[in-house]
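Here's a quick tour of a fold for anyone who likes to know the cut-offs behind the words. Have a look at the chain first.

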Amino acid sequence: MRVLLIGAGGYLGRFVADRLLADPAVQLTALGRGDDADVRFDLATGSPGALTRFLDAVHPGVVVNCAGTTRGGARDLTRHNTVAVATVCEALRRSGCGARLVQIGCSAEYGPSQPNSSTAEDAVPRPGGPYGVSKLAATELVLGSGLDAVVLRVFSPAGPGTPAGSPLGRLAEAMRRAMQAGDGELKLGGLGVQRDFVDVRDVARAVHAASLSAAQGVINIGSGRAVRLRDAAGVLARVAGYSGVLNELDGPPGAHLAHSGHSGHGGHAGHTAHTPHPRPAIGHPRGEPDHHTASVAFPYPDGCGSWQQADVRTARDRLGWRPRINLEESLADIWMEAACRI
């Protein structure tokens, strides 16, 4: 099976490429903007006609699109997440290759969810920001294209390669700096949100399964379990061996973040430093910290509110897919990479 992978140099694309290359039945061609791609092509500026000619020459059986961006203003997000997908769909319609399309979507398309609920694929999408809007528009283009296509709505990916600018990446970096400086207390903000974290290697397995299946429409890819970011911080402290106190800057009165209470690791319990002041921006402490305290905030800017949890029954039933890697292993890999930074 010849697979054309678009966006192989990105966070998800690298693991998808590894997974597909491990299948001896797959012949992989990578298309992207980077020098490491087999063929260089920019979906945001390239024409559907040029991509059609390439498809007719390569004649893939499956096209996997991992390309896109999470950063930038509405114009950049629309260009890289929506216009780019329109180019792929139009090129596939014009081409005679008849390839199946596996499009990587995002849980930000759903927007905020009711606490303690699981979001299924039939939920009405209400994205809370321009990123989610741009990804939802791409999904609608794919679903309305008439192609043999499936959209994998990936929830919050984690594990090796997690971008340093992501909430989990920033959390690991703040902890590394605290340990390096000998800070006995780490103050963190924005930890009240709950997200469905799924390991990036499990996402790659889902893409592989979707490439081989006949499933169409939208399929959620997540763990099926929401985890509070403060609990993830406690697990990270345990795997990192951080013996200091984790205090939450902006939790509700009486709440606390302590790895002794949230991750099963012995240590000191830290109580909430709750004040009526607004939450600071990333990297700006609420006050002047003393020598033994590191202070930093972590807002979660995905427009999804305080809660997201995937209903993953469709992935199980239609792809035969279940997540295998637990969050502790994902966080251990994130920490390993953070600890190796100088």
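## Ground rules

This is a predicted model, with local features needing pLDDT of at least 70 and side-chain atom pairs counting only at pLDDT 80 or more, while totals for chains, interfaces and linings use all residues. Residues are numbered from 1 along each chain as its sequence is written, and side-chain values use heavy atoms, with hydrogens and water left out.

## The overall make-up

The protein chain has 10 helices and 13 strands; helices here are DSSP runs of H or I with at least four residues, strands are runs of E with at least two, and both are numbered from the N terminus. Of its 342 residues, 54% count as buried. Buried means under 20% relative accessible area, exposed means over 50%, and partly exposed is what lies in between, using a 1.4 Å probe on protein chains only.

Among contacts (heavy atoms within 4.5 Å) between residues at least 6 apart in sequence, 78% join residues at least 24 apart.

Two strands pair if DSSP finds at least two bridges between them.

β1 (residues 2-6) runs parallel to β4, joined by four bridges, and Leu 5 has Val 64 of β4 as its bridge partner. β4 also pairs with β5 (residues 100-106), again in the parallel sense and over four bridges; there, Val 63 sits opposite Leu 101. Next, β5 pairs with β6 (residues 149-154) in the parallel sense over six bridges, with Gly 105 opposite Arg 153.

Which residues cover the two faces of β4? In a regular strand the side chains alternate between the two faces of the sheet. In β4 (residues 62-65), Val 62 and Val 64 are on one side, Val 63 and Asn 65 are on the other, and all are buried.

## Helices on that sheet

Thr 45 is exposed, at 58% relative accessible area, and its C-alpha is 9.0 Å from that of His 80, 35 residues away along the chain.

## The three-stranded sheet

A second open sheet has three strands in the order β7-β9-β11, with mixed pairing. Its edge strands are β7 (156-158) and β11 (226-228), each pairing on one side only, and the twist averages 55° from one strand to the next. β9 (residues 194-199) and β11 are antiparallel over three bridges, with Asp 196 opposite Ala 226.

Helix α6 (residues 200-212) lies across β7 and β9 at about 65° to β9, whereas α7 (residues 229-240) lies across β9 and β11 at about 70° to β11.

## Helix against helix

α5 (residues 167-181) packs on α7 at an angle of about 45°, axes 11 Å apart. That makes the pair oblique: angles under 35 degrees count as roughly parallel, over 145 as roughly antiparallel, 65 to 115 as roughly perpendicular, and the rest as oblique. Residues in this contact divide into 12 nonpolar, no polar and no charged. (Ala, Val, Leu, Ile, Met, Phe, Trp, Tyr, Cys and Pro count as nonpolar, Asp, Glu, Lys and Arg as charged, and the others, Gly among them, as polar.)

α7 also packs on α10 (residues 327-339) at about 60°, with axes 9 Å apart, so α7 and α10 are oblique to each other. That contact divides into nine nonpolar residues, no polar and two charged.

How values were computed:
Axes are lines fitted to C-alpha atoms, for helices over the stretch in contact, and angles run from 0 to 180 degrees between N-to-C directions.
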